[in-house]
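Hi everyone, thanks for coming. I'd like to walk you through one structure today, so please have a look at it first.

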Amino acid sequence: MTSRYLKYSWFLFALFLPSLSLAAEDLATINPLLHLNLTHHWTGYLSLVLFAVAYLFAMTEEVTDLRKSKPMVLAASLIWVFIAIIYARNGMSEQAGLAFRSSLEGYAQLFLFIMVSMTYLNAMEDRGVFESLRIWLLSKNFSYRQLFWITGIQAFFISSVCNNLTTALLMGSVIVAMGKNERKFVTLACINVVVAANAGGSFSPFGDITTLLVWQKGVVPFGDFFSLLIPAIVNFVIPATVMNFAIPKKKPEAVQEEQQMKRGGFVIIFLFIMTIITAATFENFLGLPPVAGMMMGLTYLKFFSFYLQKTSDYSDVVSHELTGAELMKLQQRPVNGKIDYFAPMKMMNTPQYKEAAFDQPFDVFNKVANLEWDTLLFFYGVMVAVGGLSFIGYLTVASTYLYSAIDPSVANILVGIASAFVDNGTIMLAVLTMEPHISQGQWLLVTLTAGVGGSLLAVGSAAGVGLMGQAKGIYTFTSHLKWMPVIALGYAASILAHFLINGRYF
């Protein structure tokens, strides 16, 4: 789905910004009967610079403390302002308005889809589903090597229905807790979880923003995504097997904690599964967009929330909203006698994290209010800005080069490598907007490469960046880079597996 921390390297476009005085002569060569080709106009060049600068600010969010949605939404708005001005001068305001509405419609579907998924994840976190999983793992006295594989395998399958950042933070909490006395284990296990989470999200329509975009576009049917399962497993298993031999042959200290899942936890898991089935049914049998099924699935949770409220024995609790400084302290001090390993994830999903949250009655609308709105608004900026660049004509130029001048397989492999530097959701959105005429096998290939390519670098995915913050100083960009050749071997092997297994799609 999408990513919380993003990178951008296209700011090199700014180095080639030409003089804005080209405006007059460029307009003279435009064909007004279709749409204006602004790729060599000052509007196009300025739009590229705005997009690049916005992404640069998004990439440095942790340094500047500027939320990534702010520069991106501003850039998207300005891009369309410039487009609208030029089109209005040429008497073509209606075309610009229709193009903007088309971009907005695409975002609306994505927004509603992600909103439902995030709401269910927040609800499961509230009911203690993830906490119970963590405590179960900690209580089994597994060895470091066993824990390495268990967290990796769980990350692989959990990320097929959850976003990779949530999956990585969940597994990361277990890794940090169990490996506090073994830094090498934490480093390797974090690398393993990043690779597993990205691989697991690549074979499921719900697993990642890339697959979700491809599914909603309709270029790959729901059932065909699962043909990428074996290539995804290959991508995960090969680097994990090599790293396994570097894991210490020791056992961590067993931790005994008691944590009962709250009432309704298992029911919410079941309702989430039913929501996924509903979305797939709407798309495959009714011809309706998957988001329609997801919105129906949200009503399952709403009615169950009503049932929990009516049958609950909880009394109303007035909570104390914590300051930013107090929120940071929650990561360092025990709560109710134990450390809250999920504080980073709660802070990510709950801007107004409440000290008494566990004592409050369950309310589904609180889960909607506590969504990661910065990420949702960031995707608005990305999708609307990319729509503007496409309307200007840049994606047509890129598509002509990528899918005409060179072989589509090479192009799709390069797209995967680029996703290690640029957010994979943005990369996939750009490819989908290009609408290249490629086979089903090539669409599956680019879905795979864009999904797993982010594992090549620690900053290549939200999972990697999130774990660098959670295991600060232990899992780093450099430590991940040392194992990049092994990860690249898995990347190449997964592509080969796709060609061998899914040849019928080409």
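By salt bridge I mean a side-chain nitrogen of Lys or Arg within 4 Å of a carboxyl oxygen of Asp or Glu. Arg-127 is at 3% relative accessibility, so Arg-127 counts as buried too.

Now the housekeeping. This is a predicted model, where local features need pLDDT of at least 70 and side-chain atom pairs count only at pLDDT 80 or more, while totals for chains, interfaces and linings use all residues. Residues are numbered from 1 along each chain as its sequence is written, and side-chain values use heavy atoms, with hydrogens and water left out.

How many salt bridges does a search of the whole structure find? Two. Besides the pair I opened with, the side chains of Glu-182 and Lys-250 meet at 3.2 Å, N to O. This pair links distant parts of the chain: Glu-182 lies in the loop between helix 8 (164-178) and helix 9, Lys-250 in the loop between helix 11 and helix 12 (265-285), and they are 68 residues apart. Glu-182 is buried, because its relative accessible area is 14%, whereas Lys-250, with 47%, is partly exposed.

Let's step back to the whole chain. The protein chain has 24 helices and two strands; these are DSSP runs numbered from the N terminus, helices being H or I with at least four residues and strands E with at least two. Of the 506 residues, 56% are buried. Taking contacts with a separation of 6 or more, 81% are between residues 24 or more positions apart, contact meaning heavy atoms within 4.5 Å. The chain exposes about 21400 Å², with carbon and sulfur atoms supplying 64% of that; accessible areas come from the Shrake-Rupley method with a 1.4 Å probe, and for residues only the protein chains shown count as cover.

On to the inside. In soluble globular proteins, nonpolar side chains tend to be buried together. Here, the largest nonpolar core has 137 residues, and Phe-185, Tyr-403 and Tyr-475 touch the most other members. A nonpolar core is a set of buried Ala, Val, Leu, Ile, Met, Phe, Trp, Tyr and Cys residues joined through side-chain atoms within 4.5 Å. Helix 5 (residues 93-126) gives the largest share of this core, 14 residues. If you zoom in on Tyr-403, leaving out residues up to four places away in sequence, you'll find contacts including Pro-408, Val-415, Met-434 and Val-446.

Which residues does Leu-271 touch, again not counting those up to four places away in sequence? They are Tyr-120, Tyr-300, Leu-301 and Phe-304. Leu-271 sits in helix 12 and counts as buried because its relative accessibility is 12%. Leu-271 and Phe-304 are 33 residues apart in sequence, and 9.1 Å apart in space, C-alpha to C-alpha.

Helix 10 (residues 209-217) is mostly covered, with eight of its nine residues buried; Trp-215 and Gln-216 are among them. Just after helix 10, Gly-218 takes a positive phi of about 85°.

Last stop, the surface. Ile-230, Leu-496, Leu-500 and Ile-501 make a nonpolar patch of about 390 Å². Patches are made of residues with over 30% relative accessible area and no salt bridge, like charges being joined within 9 Å and nonpolar side chains (Val, Leu, Ile, Met, Phe, Trp, Tyr) within 5 Å. Helix 24 (residues 484-501) gives the most to it, with three residues.

That's my tour; happy to discuss.

Technical notes:
Buried means under 20% relative accessible area, exposed over 50%, partly exposed in between (1.4 Å probe, protein chains only).
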